[in-house]
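Subject: A structure for you to look at

Hi there,

Here is the structure I promised to pass on. Please have a look at it first, and then read my notes below.

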Amino acid sequence: MVFSSPTFLFVFLPLVLGGTWLLPPPARRILLLVASFGFYTWGAQTFAAVVAVSTMADWLIGLGISSAMAAERTRRARWFLIAGLAQNLALLGWFKYAGFASIQASRLGDLVGLDGPGPVSVLLPIGISFFTFEKISYLVDVRRGDVAARRNPIDLLLFVSLFPRSIAGPIVRLREIQDDLTRPQPTVDLVTSGAIRFSHGLAKKILIADSIAPIADAAFAAGQAGTLTTEAAWVGAIAYALQLYFDFSGYSDMAIGIGMMLGFRFPENFNRPYSSVSMTDFWRRWHMTLSRWFRDYVFIPLGGSRGSERATSRNLAIVFLLTGIWHGADWTFILWGAYHGGWLLLERRFGWRAVDGPVRRAWLRRAATLLIVLIGWVLFRAESLPAAIDYYQAMFTPTGGFTPSVGEVATPKAITLLILASLVVFLPRGRSGGRFLVEGKGRFVVTARAAHLAFVLPLTLALAMASSSSPFLYFQF
Amino acid sequence: MARLLRFVPAVWVFLLLAGPGALWLAGTRQKHVEGKGFAPIPTLTGGSLRDAATYDEIDLAVLDRLPMREHALNLRAHLMMDLFRTSPVTDAKVGDDGWLFLSSEVLSCDGSQVYTDPVAAIDVTMAALKTSGRRGTIALTGSKFLAEQEVAPRVDKAKLECQRSLESRLAAQAASYPEGLNLAPGLAAIKAEKGHTFLKRDTHWTDESRMLYIRSVLNFARRGLADEAGLAFGGYIQRPADLAKTMEVARTDADRTINATQATRPLKPGSVVIVGDSQTGFSLLNPIGSTPMFAGPLVGQAHCEVFSIAAGLCDAIFRASDTIIWQTSLRYAPEFGQRCGRAITTFTEKLSGKRTSLQVNGADVDTLPLRDPVAATIVAPRDERTDVPRLVRVPVRKASPTAAAVSVTATGPDGKPLPCSESTQTVPTDPISVPVPAGMSVGEIALNVPGGQSTEFGRPEVIDLDGRAPRQRTSTR
């Protein structure tokens, strides 16, 4: 089910909200568990059962780790942890990477003249990358003693399946929401803040991301057809950068908002990433919960930046290759991760990280960072490596004119929203719009909040009702 | 009061989300919108619940039935059109000053829409009509994009050029028949004098253009019939605009009715058949606000909807006729070559020609028993390329008792289907008719006959469609 779909907005969400507000806390948890598995079944069908079984295995393993640690049998606890990691990574590996790996093996076999079983086709269940990381974080946190192993399996089932963020984040750690999990308390203030945050996210998705999407789609299609001109290629790349941000951050705003309305406080996932003054800064503002996860569960365990410069660089390179692979089983994602990792290494090497205080010529650094990110998104969006190369050729080999198919979808509405979106995200400001609306103080904020709820939300809901919904981009990961 | 105000955002958001469902529960039902019925509600079984398509079907069924969806569509259309001058649907485009255009009118011109050359198809059709002893003419409704170019939206120049080229070739072909109905000069004069030949928000002609068409049709049916009928403009009406309706907004165009003010000497019943699409419908058959011409000067004459020909629904009226007026819009021109097949079979059923023989793999055969697929060629005596089209008629000697109709694909030297070749019999005992365009020899045709049908074809005959008086033959039926 998609957050912007009429079924979710006008049937599922009001029923779950109404039920949660009316029921006592223990019954709320059951309602949320049933609703969450229903929500996931809608998008992944029978795979929901695999998630449930795998979560129950995590529950048992978590108890095993906990009891081993209580008995000070660290070796045994480590084996439990390894078993837990193995079952989670095996599921992720099979469903997300088996197809890609089998294709590479098949190609290699062709090269050396060996017959193999051929490519494997496995359907990718939505959200698997997100909840696998959350399940792993639970097991590691139990092993580290950062969180107590759950005695009640409902706690863990609800943590993994909780529908507002189960399929596209934010990536939450159990310790962050353990009190809310045990006793969800949708207070008036929390519900009100959540309602504003949710409506802001919905507007980002429906009013902006979906309006800009046709330009990006047309440009990348033209890139593959070989009809893309330089100007259209840049317009398409900018459109995609904005679409991706408004789509994914809109989803995160909605997830955080729905969570608040249900009595949960999820961590922030974006903080005006296109205002970053370096790539290091960018990764502290873009998909923050993913960066944090890699920092805490990969980078630091590898030694972080405590060792030599060379060891730090190696650790960074590993993290960014994994970040690329996490996004998708394709060479485009691997190269995209390597591209970002490469820039971070360069920034470390030359002292360009600019994250420890005020920077000079911030606007120039902002523009340079944005350009680097924009070029990287082409790899991220392209269907294949050859398609990305074709697109880069169009961007960097000047050709005259403007691709007609891109011109046709660049309607006044799309262009207006493209410019508006550019102004919103590229201009520097301290806080994202969603947080500004919820946390800001003063008459201006109150007026903006009222205008948002009175005009923007009804308009957004009407548009959601008038169109068949489009999926969120990050569902595919 | 301040305490109460804290509830307002949450209550407001909940009301907006739960509103449509509450209305539905209260008995409000959405009427059919977008000119279609409701999406069916899928049957829920254990099997269907494991299928992702079921959930998409539920989403569509919910969307269609949501109360207020009609208002949401209307709001979106007004916003898009009034604020952004953009069409909310892909079926229509918005030009300057509120002018609307049908998107599908712009032919792709990449070969995907053109089955056979429509100019060759018109040539074959007119030759068949004339040789059968009938009078015939083609009336072309041009493209609104080309006719109203100064207010038309921007479209791919290459496509527009292709459109222009096709329109001018078709117009030249239509004008090449003596006594033929050539609307182009009249429409050009209206454009020069009145500014437009099409209605602003509709796919159809203005009153002036319609008057030209009606006059031309009546005068082709019988010289001087238009004056005899005393054609005159009636009062002004506000005509519901079909392109605006496509966008879910109610808009009208100022229009005038056209009336026959005098009684006329009746035409011989059934002698004139007018083939056409909705332009003919709105001009002659079902005009808005006035008496149809078919109830006046064309009383007793027949109308054939162009989409009904292939199914054989116009066979009887074609047989009874001696005059055919065939109106086609440019956007349907690519399909002309498919529709004319059945018409030509009917027009030429009383004509006879020279017997020829069939060859399969270079060997003469008397019949083609259809056990296996074959590609047969036709060997005609003194076969050479001629200036006039010809018709190859392949008799069915023994029809399959099981198959409803025989399918044969006739292709030219370029491997493309021939214009007006009837690939599937409409009446199972009928012969298969394969027109040979001017400039092509009979031997260049390949008859691709699928196997597995217990049907036998006899020796074909070749009929010259040279426009000379028909030689009567014994009935082929």
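**Where the two chains meet**

The contact takes 36 residues from chain A and 34 residues from chain B; two residues are in contact if their C-beta atoms, placed from the backbone, lie within 7 Å. On the side of chain B that touches chain A, α2, α3 (52-65) and α4 (69-84) of chain B each supply at least two residues, and α2(B) gives the most, with ten. By class, that side of chain B has 23 nonpolar, nine charged and two polar residues. Here Ala, Val, Leu, Ile, Met, Phe, Trp, Tyr, Cys and Pro count as nonpolar, Asp, Glu, Lys and Arg as charged, and the others, Gly among them, as polar.

A word on the source: this is a predicted model, in which local features need pLDDT of at least 70 and side-chain atom pairs count only at pLDDT 80 or more, while totals for chains, interfaces and linings use all residues. Residues are numbered from 1 along each chain as its sequence is written, with chains lettered from A and ligands numbered from 1 in the order in which they are written. Helices (H or I, at least four residues) and strands (E, at least two) are DSSP runs, numbered from the N terminus.

**A helix pair across the contact**

The axes of α1 (residues 6-22) of chain A and α2 (residues 8-25) of chain B come within 8 Å and cross at roughly 120°. Axes are lines fitted to C-alpha atoms, for helices over the stretch in contact, and angles run from 0 to 180 degrees between N-to-C directions. Among the residues that make this contact are A:Phe10 and A:Leu17 of α1(A), and B:Phe14 and B:Leu17 of α2(B). The residues of this helix contact divide into ten nonpolar, two polar and no charged.

**A sheet in chain B**

Chain B has an open sheet of four strands in the order β3-β8-β6-β7, with parallel pairing; two strands pair if DSSP finds at least two bridges between them. Its edge strands are β3 (135-141) and β7 (302-305), each pairing on one side only. β3(B) is joined to β8 (residues 323-329) of chain B by seven bridges, and B:Leu140 stands opposite B:Thr328 in β8(B).

**Two residues with positive phi**

Most residues other than glycine have a negative phi. A:Arg361 has a positive phi of about 45°, and B:Asp97 one of about 55°. A:Arg361 is found in the loop between α13 (331-350) and α14 (362-381) of chain A, while B:Asp97 is in the loop between β1 (92-94) and β2 (100-102) of chain B.

Enjoy exploring!
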